[in-house]
Amino acid sequence: MIGSMEANRSVKAFDREVIHAGNKGLKIDHASISVEVDALLGSLSLGQKIHELHGWQMEPIDGFYYAGGDAALGIEPWKMADGPRGARVGKATAFPVAIARGATFDPELERRVGMAAGAEIAAKGGNVILAPTINLLRHPGWGRAQETYSEDTHHMGAMGVAYISGAQNWVLTSPKHFALNNLEMTRFQMSANANERVLHEVYLPHFKRCVVEGAAASVMSAYNRVNGVYCGEHPILLTDILREDWGFKGFVESDWILGTRSTAKAINAGMDIEMPVAYRFEREKVDAALSGGELDEAVITRNARRSLYQKLAWDIAGMDRPDASVVECEAHLELAREAAEKSFVLLKNESLLPLREDQRIAVVGELADTVNLGDRGSSMVQSTTAVTPLQGLQTYSNQVSVSYLGAETDPARLSAFDVCIVVAGLTYREEGEFIPIQQQEAEENSLARGGDRADLRLPAEQEDMINQAAAADVPVLVLVEAGSAIDMSVWIEKVAAVVMIWYPGCEGGHAVARVLFGDVNPSGRLPVSFPRALDQLMPWDIDALDVEHDLYHGYRYLDQKGETPLFPFGFGLSYTTFALDGLQVERAGDRFFFNVTVTNTGDRAGAAVVQLYQSNSGSQVERVMKEMKGFGRVEIEAGETIDLEIEVEDENLCYFEAGRGWLLEACEYHFRVGLSSDALELESVWAFDGEDWEPR
Ligand code: BGC
């Protein structure tokens with residue numbers, strides 16, 4: 001919108017045309033599909049309609065969970081597979097976990113990851129990918145934190161919708177778990193309690209964006225309850241909000257097994273498909289509900305229609321499928337590496353990084369030599385090969401001397417090196433989707449225990465290892481593998497550098513080497529605040545059965561309490577430096593265009609993540625101190641200056657009031673822009689008088 005004065009390169013943050021290109025959900029001809037589906041329904045018996053309402057069996061068939069379908073009628077079944085870090089079917093490309101991709105602050109990259117995962121599902125014969133997970137990280141101790149993108153609503157929406165548009169180039173998506181699923185240990189019983197304002201402003205907008213802007217073709221409901229009602233039979237969530245407010249035209253499927261809690265109640269509320277098998281929705285129970293008057297055949301027809309509608313809209317019988325060679329192809333492995341490289345967050349660097357090839361490097365820690373791709377719950381992806389950090393360093397160049405010491409941290413031994421890299425962190429044992437021990441034993445497998453973390457520190461032996469290495473006369477670099485915030489307070493002062501590498505996917509080891517040696521400049525930013533200690537955050541009880549949700553969590557909570565975290569939301573260092581300048585603001589129609597100039601003031605190319613937050617003054621309602629409203633990741637050459645434009649619609653500046661809906665309050669709006677949530681150096685203040693906007 002704003003013409004640059006010089007010939008700076010212009011970049012648009014979240015370019016909708018780019019992000020949504022090829023999303024088949026956005027190209028549906030609803031008028032003709034409606035006619036077609038009604039004609040089809042007219043020819044179906046009650047039994048055929050009920051068959052559309054559930055999955056086939058507990059275990060996947062050739063890797064996919066089947067639902068509905070009728071061969072005689074030429075109706076294909078749904079063939080669903082997870083998700084969030086790639087295709088969970090046989091061997092597939094294991095991408096860095098979603099929180100890592102959240103750290104890239106790069107929706108365009110996330111669109112490509114979604115597209116690759118969707119292509120692999122399609123190539124293997126599937127038609128629905130059970131992803132993305134877009135449950136807000138209310139507390140970083142949530143076991144499934146790694147599956148989601150962020151603690152921030154706006155950021156979550158941007159990343160989630162990008163994944164959806166990418167994946168929907170090939171298959172249907174199923175953002176999950178609707179809604180407020182953010183505690184693992186009690187996920188089957190707990191009630192997340194929130195008033196309407198909190199629901200609409202904090203916990204639902206990213207779902208809305210995925211449905212309205214991304215045309216997500218299905219939604220998976222959550223196990224937990226919201227305000228006392230199970231999500232799988234929640235008429236307010238499944239019907240009033242999802243369908244009536246947002247105009248959702250897809251189908252809702254339950255989370256597996258315990259996601260469906262009743263027959264008539266669930267079907268009436270808007271649960272369209274019970275997964276993975278008919279238990280509550282088996283024929284006899286549905287018949288009993290019909291004859292008992294709790295259920296009407298018209299409701300069965302309505303729900304079956306939603307599934308059939310998408311089957312016709314997507315023409316799943318004649319779906320385009322890429323060749324099988326796309327699975328784990330070179331391009332997808334490169335994409336996994338690119339995502340890992342862009343996800344690493346440089347948290348501390350006392351002139352240690354980048355490393356030089358002539359330095360003698362000691363590598364310590366069992367995780368250095370372990371394939372550690374994340375939890376072993378439903379989002380686990382198995383790739384044919386996976387490069388560990390040690391392998392990545394060892395194969396980087398034959399000029400580099402890397403000695404692997406395992407768990408050895410003898411100071412005398414370490415002092416003989418120029419650098420000591422400690423790889424520390426968590427594994428599927430300490431966090432992740434919770435797979436109970438009894439189930440593992442019954443299945444005689446080594447699946448995860450996972451679950452929530454009661455506190456945020458590393459296991460004692462990992463902290464001991466870091467402390468011992470730090471006692472040697474050698475600078476220590478710690479690479480942290482984990483799916484969420486880690487309390488580093490007890491050791492961070494003792495080490496020279498720290499890089500958060502999350503669970504970096506099958507190409508993670510190569511990404512580690514390329515970032516540490518400076519081929520790639522680290523550019524990840526934290527999508528979750530890292531507190532100094534657990535008690536900086538809200539009370540956290542992993543056995544809670546009732547959890548009050550309010551406007552405050554993550555940085556909003558820290559702001560409110562006046563707490564300074566160890567590392568704030570949006571923080572991350574680089575091997576170069578950036579300067580922001582000249583925030584210009586224009587209005588056009590119902591929106592703002594913020595234009596900021598970013599210069600790379602260092603001597604190597606790098607990426608800056610410009611972040612925009614809203615604060616209010618003179619407001620008559622309760623407000624958080626700031627909330628993110630936009631961001632843009634920009635790659636900038638050394639010495640280069642670019643213009644970045646961030647667009648914000650008035651709709652996104654509103655607050656929600658029960659009974660009245662979204663309201664744009666007449667008061668002052670402070671738009672603050674910076675390179676991290678704690679460094680918002682540019683500001684533009686505007687006043688809204690109820691009709692017009694004026695700059696202050
Ligand atoms: C998980 C879902 C997953 C489903 C199917 C459930 O236990 O909560 O996220 O999609 O299993 O694997």
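Here, a residue is called buried when its relative accessible area is under 20%, exposed when it is over 50%, and partly exposed in between (1.4 Å probe, protein chains only). Welcome to a short tour of this predicted model, in which local features need pLDDT of at least 70 and side-chain atom pairs count only at pLDDT 80 or more, while totals for chains, interfaces and linings use all residues. Residues are numbered from 1 along each chain as its sequence is written, and side-chain values use heavy atoms, leaving out hydrogens and water.

**Nonpolar cores**

- A nonpolar core is a set of buried Ala, Val, Leu, Ile, Met, Phe, Trp, Tyr and Cys residues joined through side-chain atoms within 4.5 Å.
- The largest such core holds 168 residues, and Met 488 and Trp 502 touch the most other members.
- Helix H6 (residues 153-167) gives this core its largest share, 8 residues; helices (H or I, at least four residues) and strands (E, at least two) are DSSP runs, numbered from the N terminus.
- There is also a second, separate core of 31 residues, with Phe 344, Ile 421, Ile 501 and Tyr 575 among them.

**Salt bridges**

- A salt bridge is a side-chain nitrogen of Lys or Arg within 4 Å of a carboxyl oxygen of Asp or Glu, and the structure holds 46 of them.
- Lys 285 pairs with Glu 282, with 3.4 Å between the closest N and O atoms. Lys 285 is partly exposed because its relative accessible area is 27%, and Glu 282 is partly exposed too, at 24%.
- Arg 337 and Glu 341 form another bridge, their closest N and O atoms being 3.0 Å apart. Both lie in helix H13, 4 residues apart, about one turn of the helix. An α-helix has 3.6 residues a turn, so residues three or four places apart point the same way.
- Within that pair, Arg 337 is partly exposed at 24% relative accessibility, whereas Glu 341 is buried at 6%.
- Glu 668 bridges to Arg 696, with the closest N and O atoms 2.3 Å apart. Glu 668 lies in strand S25 (residues 668-674) and Arg 696 in the segment after strand S27 (693-695), so the pair ties together parts that are 28 residues apart in sequence. Arg 696 is exposed, at 65% relative accessibility.
- A network of salt bridges links Lys 12, Arg 16, Arg 209, Glu 213, Asp 590, Arg 591, Glu 645, Glu 647 and Glu 649.

**Backbone details**

- The peptide bond between Ala 131 and Pro 132 is cis, with omega about 0°; Pro 132 sits in the loop between strand S4 (128-130) and H6.
- Another cis peptide bond runs from Lys 176 to His 177, with omega near -5°. His 177 belongs to the loop between strand S5 (172-173) and strand S6 (191-193).
- Asp 315 is not a glycine, yet its phi is positive, about 45°. Asp 315 is in the loop between helix H12 (297-313) and helix H13 (330-343), and is partly exposed at 42%.
- Glu 328, also a residue other than glycine, has a positive phi near 55°, and is found in the loop between H12 and H13.
- In helix H9 (residues 235-245), the buried residues are Leu 237, Leu 238, Thr 239, Ile 241, Leu 242 and Arg 243. Gly 247, which follows H9, has a positive phi near 70°.
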